[in-house]
Every structure is written in C-alpha cells, then in structure tokens.
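User: Can you walk me through this model? I'd like the plain version.

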Amino acid sequence: MNKTSMNRDMYYLELLSTSFPTIASASTEIINLEAIMNLPKGTEHFLADLHGESQAFQHVLKNASGNIRRKVSELFRGDIRETERRELCTLIYYPEEKLELIKATEEDIDDWYHITIHRLVSVCRDVSSKYTRSKVRKSLPEEFAYIIEELLHERTDDIDKAAYVNVIVDTIISTGRADDFIVSLCNVIQRLAIDQLHILGDIFDRGPGAHIILDTLRQYHSWDIQWGNHDILWMGACAGNNACICNVLRLSLRYANLTTIEEAYGINLVPLATFAMEFYGDDPCEEFMPKLLKGVKMEDKYLRLTAQMHKAISVIQFKKEAQIFHRRPEWQMEDRCFLEHIDYKRGIYTINGKEYEMRSCHFPTINPEHPNELTPEEFQLMERLHHSFRVSEKLQKHIKMLLSHGCMYSICNQNLLFHASVPLNSDGTLKEVELYPGQRFNGKDLMHNIGMMVRAAFQNDTEQQMRLYARDYFLYLWCGKDSPLFDKSKMATFERYFLTDKTTFKEEKGYYFQLRDNEDICDHILDAFGVKGSNRHIINGHVPVHASKGENPIKANGKLMVIDGGFSEAYHNETGIAGYTLVYHSRGFQLVQHEPFMNARDAIERGLDIKSTTQLVELSTHRMLVADTDKGEELRMQIEDLRQLLYAYRHGILKEKNKV
C-alpha cells in the first residue's frame, strides 16, 4: 500500500471514528449489522404503466398485489372462515370506510373490536418479522407507537403476558380509541408489507388520476421510478418543450380526460377552446372524436368541442415538431414533417414517391407555402399554454419528484429495470445511438447519459445551448426510432388521423422487441450493464402483454419479465386482462395477473378484491436473506470498515474518544 493510499484510509477511519468513537460502539454496530444480514429479504413490489388509473393503483398498493391476502390466509387458514378472512383484508386496505360499515351493522361492537385487534396484531407481527425492531419502530404512528410495540413483542402463550395484552386491548376499547388504533394498525401493516416499490414507468396519460398517484407516492415510504415515454413527455412539457405540451394536450383530449390538466395542474384550456371554435367551428372533425372510456358520457356539443380542440392542438403539434426536426437534422427525422408532403388542393399525402388519399384536408391555419409556420393566433395560443405549464406549481413539484426518485434504468438485487428497451442491432449487439452531435453511446452509457441530459434541461447552471438541446431532446425520446423509450420505426399519429390506407399505420418495433425472447440476447444485455449473479433478470413494461392471445409475460427462459400493468381501461379489450404486477419476496418471485378493477366502493362494501391469479415464477432453494441482496453487500463493506476501525483502536493507531 502506498503512502497516499494509507493517508486516504486513515482519513476515512478518522471520519468513521466520529460516529463510532469507542471499541464498544464499533463492536455493537458490527453485531447489529451482522444480525440484520440474517433477516429475511424485504419484499419488493414492481408496477408498470399505471396511466393515471389511481383507484386501481391505490388498491394494488394497499393489498401489495395480494401479498397481504396471502399472509392472512396462511395465518388464519383453518381458524376462521373465508368470508372473515376477506373482511379482515378489506379492513386492512380501507380501514376508515370499512369501520363505518361495520359499526352500522355489528350488534356487539366491543366484542368485534377485541377479536379484530388481536387478529390485526397477528398480521402486523407477521409482516414485521423480517425487520429490525428499530425499523419497525420508525414506521409506527407516534401516538400508538409504544402500545403497538408492546403488543407485537409480547408472548400470548404465557398466561401472565396474555392477561397483560388483554388489558391493553380492553383499555384501548374502553377509552374510545379503538377506531383510531385499528386505522393506525392497518396502515402499519400496509407499510410493512412492502419494503421497496419499483415503478417501471408511465404514470401519466389516459386515466384521470396521474396527479393522485404522484400525491400518493409523495407520502410513500420507499419508491423509485424508471421513467417511461409518457413520463418523459410530461417532463418535456414541464421543461418548456412546446411540441411536448401539444402532445400532452392532444392525448388528454383524445381520451376526453382533462381532469389532470385542468383541475390538478390548473392549465387554462379556455384559450384553446375559443381558438378551436373560431377556426374549426364548421369542421365536423370526425377523425378527432375522443375515445370515451366505459361509463363516460358527454353531451354532443361538448363532444364536438373536444374534437375541435383535439384537431386544433394536433395541427399545432405537427408544426412544432417539424420546427424541431429541421433544427436537429442529425436526428434524421425530417421525413416526419408531415405538413410539407400534402397536396392541399387534391387532398393527397405523398411520401417516398407514393401518394395516399387523405380522409380530410381542411386546414384553415396552414399556409401551403409555409406549412410549418404558426399563425399569429396559434403563436399567441402557444405562448399562453407554455406559460401555464411553466408556472404550474403542482406540476413542477411532481416533475421534481420524478427527477429525484427516477432514472432511465436501475439495477436492484440482480434485476435490471427499465421501462421499454435497450436499442439493439439486428444481430443482438448493443446499438450505438448519437445522443449529442458527434457523440455516440450504447447500452448502459446511453441510458446514463440520457438521464444526465434530462436533468440538464432543468438545471439553471447548464450552458444555454446544451440546455436548449436537452429541452428539444424530450421530443426525440418520445418518438425517435432509436429512443430507448420508443424504439419503433415511427409514431403513426398523423397517418392514423388523416390517411385512409391502414398499411401506413404500422409501426415496426425495434430489434430489442424482436429478439428479447432469446436468452443469449438477454444475457448479453445483463452482462453489458454489469448485472451479476445466477438469478439475474430483466424486468420492464411498456408493451401490453396479449394474454388473451396466449402471450406469456415470462420470456427468454425466465430471464425477462414483462409487467405492463395494463391498468389503463383503453388496453383491456386489447389484452383481455388488466395486466401484471410482480412481487419479489424472500422465497422468490410471484407474478400476479389481474382482472380489471371495478371501484373502491365494491371493494369496501362487498369485500371484492382485484381478481388475480398468482404464478410462481421462480422459487429460491433457500429463503433469501438480507445478506443475499445489494443491501447485504453494502453491509458487508460497512462491517469490514468497522473491523478495520477496531484494529486501529486496539493497536493504538487511533485513540478512542469520550473515555474518562
């Protein structure tokens, strides 16, 4: 060891000694860490493609994709009836609402309280068993922390202790605190059922509650997100990319879902409505009629206005996208400047020398000589919309959450997580993609540098030209053929709206999607990202799994798991299910296939859970411990450092502190 290295090590040990100033404190910490290493691995919960379906998301979060129901069944099978187990689960998921229903019908409420509290304590004891007392203590509500801790750690098979526990429960009831105590206990169970939540992208678009999902995550104890294409679109809009703003509005209008836009983020759409009525008032806009989800009804006049707004913002979108494509020729996307390829007199679209008939060719705001230029009215409208997105305090706050908790990919416990794809060549090798002009990256470096660019768009100290490029790049991430979040030949938005020939609608998927069932390809990707271990996997979402057509979400001989949540109602007819979620606990992986979630009221009143089928994907030969995880590797390093500190104390290299 050279002198510089020795000095660095001594400097580190001196820093460590400020936290552990004596042999006793360092030894105690080693004992503590060694004990933690031998606890069961915490449960990880994987969700993807939430698409604004806040009720389904919250329900899956509350029941931990059936993990709580599984524990209740294991604890009480043979002791209580199935209906009672279902009622107990519903209480855990929705304690306040369920309590009100029970109190309205239960004849002996004190007896019910007594039985239920004991059962909830048993469930809480089970879900807390894989954590240290310290960690459990931190998750307890302050007002009931001492009482819950006592109940969790006292033995009821001891006669004296059983009496002690019963007195505690009786006193909780007699003092009128039973409801509050039950609510707190249920929340603790929900909290401890999952150690880490992974969101594999696409919180936004389609459903009405993306903002509710983000508000829920803001209060959640531990979560991360791998950004999806729809998240990036909103991040681009928040950063001030006008093409992204147009896309966000277009998608919201397409599904007649303006709740998140108007009510949550305060984006004023009156200027867009006024503009649409003025310029498209006599246009039937048939191709822009919104896709109404089940149960959603709109009066004809609002339906037509929505279609007019939809067309108005789409035309502006095509103009703004073309301006960026021309500004960034290195992206090679100038063929997607649609408005330049239209014969406005004949109603014909020409691309690659082939003519296509258009459904309609009514464009009152387009000058055929300069088709990508905004009219003065469009320019003024975009200025107002741009301002609304930039000053929306809640939107800015939510995007900051995505930045602080998110990235393009993550590696956790031998699992490589990302939303959509890793760009590949036809032979399965990693494809080099030009990120900055003249700079090309692939695989892990590409993902990392994209993440850095995304953050650069929001940092005031970023050099201006770089910041402008980063802001433009959100559009490429949304629809560029080599984007890891898109990875298709094109986005056929214009073709679907305007062309009659359905062959133009086809979007060729990139080689990742064509080759991902090949185990060797998945191994190559895992190697490139430095994922080690015998039980490593790729986990991603993005593309709905067509279960009704027999598609299997488990691919590449178990190396790849696709868990597009399918929460969005827009996908249910296409997939036949409401998608998949994944649970990774100490005994292995469980893939949960869900049927559509109806509503929380049914779950509360009738005890209806999301109907789901659990498939054991991979069971471990032994129960996994913290020592088998990334956290275990981190703890081993800490233990080694502490042992070096002990050596330094015992050999007089460092002196103990705080000794008399």
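Analyst: Asn-557 counts as exposed, at 67% relative accessibility. Exposed is over 50% relative accessible area, buried under 20%, partly exposed in between, with a 1.4 Å probe and protein chains only. This is a predicted model, where local features need pLDDT of at least 70, side-chain atom pairs count only at pLDDT 80 or more, and totals for chains, interfaces and linings use all residues. Residues are numbered from 1 along each chain as its sequence is written, and side-chain values use heavy atoms, leaving out hydrogens and water.

User: Where is Asn-557?

Analyst: Asn-557 sits in the loop between strand S13 (554-555) and strand S14 (560-562). Helices (H or I, at least four residues) and strands (E, at least two) are DSSP runs, numbered from the N terminus. Asn-557 is not a glycine, yet its phi is positive, about 55°. Most residues other than glycine have a negative phi.

User: And Asp-487, buried or exposed?

Analyst: Asp-487 is buried, with a relative accessible area of 4%. Its phi is near 55°, again a positive value in a residue other than glycine. Asp-487 belongs to the loop between helix H21 (464-479) and helix H22 (493-498).

User: Step back a bit. How many helices and strands are in the protein chain?

Analyst: The protein chain has 27 helices and 17 strands. Its radius of gyration is 28 Å, close to the 26 Å that the globule rule gives for 660 residues, so the chain is as compact as a globular protein of that length. That radius is taken over C-alpha atoms, and the rule is 2.2 Å times the number of residues to the power 0.38. Buried residues make up 56% of the 660.

User: What covers the buried residues of H12?

Analyst: The cover includes helix H3 (54-63), strand S2 (196-199), strand S3 (223-226), helix H15 (259-264) and helix H19 (393-405). In helix H12 (residues 210-218), the buried residues are Ala-210, His-211, Ile-213, Leu-214, Thr-216 and Leu-217.

User: What do the buried residues of H16 pack against?

Analyst: They pack against helix H14 (242-254), helix H17 (300-327) and helix H18 (376-391). Among the buried residues of helix H16 (residues 270-280) are Phe-275, Phe-279 and Tyr-280.

User: Which residues is His-114 in contact with, leaving aside neighbours within four places in sequence?

Analyst: Asn-166, Val-169, Asp-170 and Ile-173. Contact means heavy atoms within 4.5 Å. His-114 is in helix H7 (residues 109-127). Val-169 is 55 residues from His-114 in sequence, but 6.6 Å away C-alpha to C-alpha.

User: What is the volume of the second largest pocket?

Analyst: About 550 Å³. Of its 24 lining residues, Ile-36, Lys-135, Asp-195, Val-626 and Lys-631 are the closest to the centre. Helix H2 (23-37) and helix H27 (630-650) are the elements giving two or more residues to the lining, and H27 has the largest share, four residues.

Technical notes. 1 Å grid on protein atoms, 1.4 Å probe; cavity = no way out; pocket = protein on both sides within 12 Å on 5 of 7 lines; lining within 4 Å. Points joined across faces, edges and corners; volume = space filled by probe spheres on them.
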